[in-house]
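Let's take a walk through this protein together, one feature at a time. Have a look at the model below, and then we will start with a question.

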Amino acid sequence: MGRKKIGNSAISCTTFNILAPIYKRLDHQDQSCRESDNKANWLDRNQRILDMLLSERSSIICLQEFWVGNEELVNLYDKRLGKAGYMTFKLARTNNRGDGLLTAVHKDYFRVINNQPFLLHGFGDRVAHLLHLEVATPCLQHRNNSVRQEILVVNTHLLFPHDSSLCLERLRQVYKILQHVESYQKENKLHSLPILLCGDWNGSKKGHVYEFLKSQGFVSSYDKAHQYSDTDAQKWVSHRNHRGNICGVDFIWLLNPNSNRKVLKVSWSETVFGMFKCLIRRASLTADDAFAILKADSSGNYITYSGFCDALCQLGVTGKQYGLSMEEAKDLWEQADIDKNGIIDYEEFQLRIWSPTLSHQKLGEDNVNSTEQSIGLNVKNAVLYPPEVEKGTWPEDYSLSDHARLTVLRLLMNWLSEAGTRKSMK
């Protein structure tokens, strides 16, 4: 079927960790002194945050560390955002942690088809919120009402990496989010929808989460707008953490339906084996050393399942609260055992464990025409505030949060009609 362009306009999206008053320290010498004990302080700061958000008037606003446990603050945001034309959706973290997410969608731009809270049920009590949106702005709609112009938006806040052993749990959180999004699309027969993943990812462009999302076809909107590569990790920052370190951790990830994607489970196994490889290299060991560790219980030149599990446990990948479960370890084993004969020889080790990207680079990718770049959303401009963070520095006089605000100012919506290929929700 031929495609015909039917719409071209822009939306905007903001993500911002607003630092919950229950976590903001007023006195770094006294860790018990928090902003939540001083109403004048937290009320003034949040009024200024709202002033900034409302002056910017993004189509979609995703906030993290929203103090859902304080009724007065919740009412403040509901009242001011509601008066400005926003629909608001709030989601608390599990186990009464006090903070959570707020997602606001402007009625002039979108109609909310569905919203789904998602509890990650893991270490750190993290959550994610999925919103299924349809374009509502009259100037964006087309007279052909059979064409649904929709996007999926996810707001989330990943676990902070207090130490390197939590990297696997953070990766698992992203894997669960993507599984949930994938399930939602399949259940509702949704195809060819752009996806925005917004939030505080608590990890930089050097981490495994970044590589995992890239392998799924997602691009960092800010880096795309500024034409930054993966090696430009220090060009910008968005967070000064409680240790005083500055880093870039806030992202609006974009996936267009015409992007090449690997099977999700393949990306997961590749990334976990990538973590295994990093652990081996950190100990100044080679591929041959790694193979020897994995086949320690075997007299032959192959790896057994028991040896595989023992090595993962010794490296701290399994056997911990936030490590791989036995079911996950078994799944990795099945990915690595190419011929399904119950052992992994050196060739399989090289192809699936040590250099998995080479063997899987074509496996499971969608068959799409790479020339069709006009489908979905196109990033035109993105900014961080305060402006100093775009140069990799943190201004001492910035007091709104310990995070910068990230806004994609122009997400160009290029919609194409293709009869017979798109099933919309009933």
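At roughly what angle do the axes of helix α6 and helix α10 cross? Keep in mind as you look that this is a predicted model. Helix α6 covers residues 264-282 and helix α10 covers residues 346-354; their axes cross at roughly 105 degrees and come within 9 Å. Angles from 65 to 115 degrees count as roughly perpendicular, so α6 is roughly perpendicular to α10.

Which residues meet where α6 and α10 touch? From α6 come Phe273, Phe276, Lys277, Ile280 and Arg281, and from α10 come Arg352, Ile353 and Trp354. If you sort the residues of this contact by class, you get five nonpolar and three charged ones, with no polar residue.

Now let's turn to another pair of helices. Helix α8 (residues 305-314) packs against helix α9 (residues 326-336) at an angle of about 125 degrees, and their axes are 11 Å apart. Are these two parallel, perpendicular or oblique to each other? The range for roughly perpendicular ends at 115 degrees, and roughly antiparallel begins over 145, so α8 and α9 are oblique to each other. The crossing of α8 past α9 is right-handed.

On the α8 side, the contact is made by Tyr305, Phe308, Cys309 and Leu312, while α9 brings Met326, Ala329, Lys330, Leu332 and Trp333. By class, this contact of α8 with α9 holds eight nonpolar residues, one charged residue and no polar ones.

Aspartate 125 sits in the loop between β5 (110-119) and β6 (127-135). Its phi is positive, at about 55 degrees, although aspartate 125 is not a glycine. Glutamine 227, in the loop between α5 (221-226) and β10 (239-240), also is a residue other than glycine with a positive phi, near 55 degrees.

Glutamine 227 has a relative accessibility of 73%; over 50% means exposed, so glutamine 227 counts as exposed.

One more loop is waiting for you, between β15 (376-385) and β16 (405-417), and proline 386 lies in it. Is the peptide bond from tyrosine 385 to proline 386 cis or trans? That bond is cis, with omega near 5 degrees.

Terms used: Residues numbered from 1 in each chain as written. Predicted model: local features only at pLDDT ≥ 70, side-chain atom pairs only at ≥ 80, totals over all residues. Heavy atoms only, no water. Axes fitted to C-alpha atoms, helices over the stretch in contact; angles between N-to-C directions. Helix = DSSP H or I, 4+ residues; strand = E, 2+ residues; numbered from the N terminus. Parallel < 35°, antiparallel > 145°, perpendicular 65-115°, else oblique. Left-handed = near helix turned anticlockwise from the far one by under 90°. Contact = heavy atoms within 4.5 Å. Nonpolar A, V, L, I, M, F, W, Y, C, P; charged D, E, K, R; others polar. Buried < 20%, exposed > 50% of the residue type's maximum accessible area, 1.4 Å probe, protein only.
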